[in-house]
Amino acid sequence: MPSLQEFIIASVRQAPAVPIELSEPVALDALPTPALTIDLDIFEANLDKMQRHVESHGMGLRSHTKMHKCPIIARRQIEKGALGVCAATVSEAEVMSFNGIEDILITSPVVTRDKIERVVNLAGVSHGIQIVVDHKEGADALDQAASRAGVNLGVIIDLDPGMGRTGIDPKLALALGRHIVDHCSALRFSGLQMYVGNCMHTHGFTKRRDKYCAIMEKGLETRRSFENDGIEVDVFTGGGTGTWDIEPELGALTDIQAGSYVFMDVEYRDIGGQQSEYFDDFEPSLFVLVTAISKPQSRLITVDGGYKSFASDTVPPAFRDIEGVTYHWGGDEHGIIQLDNPSREINLGDKLPMLASHCDPTVNLYDYYFPYRDGVVEEIWPITARGCSQ
């Protein structure tokens, strides 16, 4: 009979993580719905565009796997040139590590004994495992566990950008850094993290840029204070899809943690770009395929995608290629489409691709991706880290 810890880790290890080849190709419009689909041509173009961008500015890409939760996609990002990945939770990091991803940064601190042991165990098999710390007690607990295990664990100090979520006040970070360097023999100080999540969805490019640069100046001051005190800062990581084109002019970060650029969603589309009302720097590649299943009234069509198919913080999902319609939540399994002035006729049985409201939590609702090219699906990709919230 396994312990709880053994059961959790065994479940992560056993989760499917390789492409599942179909015995014969399936047309996109023959998929059972709702289905989470990836347009491979757009997906690959997004990967290439981001990698060219970071390389042209002398930065690295440490893409966040909390968005796609899929080792298959993580490997493709690394094959394109990403230096590694981020994980939001220990179990996400375990999924990536157990499936051959070596350079992993866990971007949230851990303080409980069970999770500290799991992190140290990961570091025991891969020197590429790193985790953020934001408090002396957390650093000491990691140091003691790593020392007992004979492991050298890389740590990065997380700076609070003013969100009040995680991270240490930048003014207090140097004292924590000095403590780690001087008193934590099993920890290897690598650098700083400052993820300015309170900027990523700021509407309007100029407003977003000004806010990001003002906040990141505190991070630059912190880095200078470390260097002036003789502590080398090899890594300064942060940033995201919403600030991908702002960071180069600031030149603060060594690598960016962009994740949503791979798929995109309505929330990002609506923040606006440098030259456009919409943020269209990356094209949407992730779509939830739904079916029109009912027409209860002349101006309404019901589709089989509701709360259990789309996760939304703020905005509803949107159709990929139909204008003049409005989506309304119709419950757990249903979405009700108001036909205002539709750009095309929608008939019962039609399969319709929809852009997710927010890609990260929407992905977490599904077990598999259906990647397709030229309207044909040849294999299925497991979403291995689905539900890995521990």
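A crossing of two helices is left-handed if the near helix is turned anticlockwise from the far one by less than a right angle, and right-handed if it is turned clockwise. In the predicted model described here, the crossing of helices H7 and H8 is right-handed. The contact involves Lys136, Ala139, Asp140 and Asp143 on the side of H7, and Leu176, His179, Ile180 and His183 on the side of H8. Helix H7 comprises residues 136-149 and helix H8 residues 173-183, and the two pack at an angle of about 20° with their axes 10 Å apart. Because angles under 35 degrees count as roughly parallel, H7 is roughly parallel to H8. Helix H8 also contains Asp182, which is partly exposed, with a relative accessible area of 46%. The C-alpha atom of Asp182 is separated by 23 Å from that of Ser108, a residue 74 positions away along the chain.

The crossing of H5 and H6, however, is left-handed. From H5, the residues Val90, Ser91, Ala93, Glu94, Ser97 and Phe98 meet Lys115, Arg118, Val119 and Leu122 of H6. Phe98 has a further neighbour in Arg13, which lies over the face of the Phe98 ring at 3.9 Å from the ring centre.

H2 passes H4 in a right-handed crossing. On the H2 side, Leu40, Phe43, Glu44, Leu47, Asp48, Gln51 and Glu55 take part, and they meet Ile73, Arg76, Gln77 and Lys80 of H4. The buried residues of H4 include Ile73 and Gln77, together with Pro71, Ile72 and Ala74. An α-helix has 3.6 residues a turn, so residues three or four places apart point the same way. H4 is followed by Gly81, whose phi is positive, near 130°.

Lys69 is found in the loop between helix H3 (65-68) and H4, and its phi is positive, about 55°, although Lys69 is not a glycine. With a relative accessibility of 7%, Lys69 counts as buried. Met264 is likewise a residue other than glycine with a positive phi, here near 70°. Met264 lies in the loop between strand E10 (255-256) and helix H11 (266-269) and, at 2% relative accessibility, counts as buried. A cis peptide bond, with omega near 0°, joins Thr33 to Pro34. Pro34 is placed in the loop between strand E1 (20-27) and E2.

Strand E2 (residues 35-39) contains Asp39. At 11% relative accessibility, Asp39 counts as buried. When residues up to four places away in sequence are not counted, Asp39 touches Ser285, Phe287, Arg320 and Tyr372.

Aromatic rings were examined next. A pair of aromatic rings is described by the distance of the centres and the angle of the planes. Taking rings as paired if their centres lie within 6.5 Å, the count comes to ten aromatic pairs. One of them, Phe189 with Phe226, is stacked, with 5.6 Å centre to centre and 20° between the planes. This pair links distant parts of the chain, since Phe189 belongs to strand E8 (residues 187-194) and Phe226 to helix H9 (residues 205-228), 37 residues apart. Both Phe189 and Phe226 are buried.

Phe43, listed above among the H2 residues that meet H4, also forms one aromatic cluster with Phe263, Tyr369 and Trp381. A second case of a charge over a ring involves Lys49, which lies over the face of Phe282 at 5.5 Å from the ring centre.

Conventions. Residues numbered from 1 in each chain as written. Predicted model: local features only at pLDDT ≥ 70, side-chain atom pairs only at ≥ 80, totals over all residues. Heavy atoms only, no water. Phe/Tyr/Trp six-rings, centres within 6.5 Å; stacked < 30°, edge-to-face > 60°. Helix = DSSP H or I, 4+ residues; strand = E, 2+ residues; numbered from the N terminus. Buried < 20%, exposed > 50% of the residue type's maximum accessible area, 1.4 Å probe, protein only. Lys NZ or Arg CZ within 6 Å of the ring centre and 35° of its normal. Contact = heavy atoms within 4.5 Å. Axes fitted to C-alpha atoms, helices over the stretch in contact; angles between N-to-C directions. Parallel < 35°, antiparallel > 145°, perpendicular 65-115°, else oblique.
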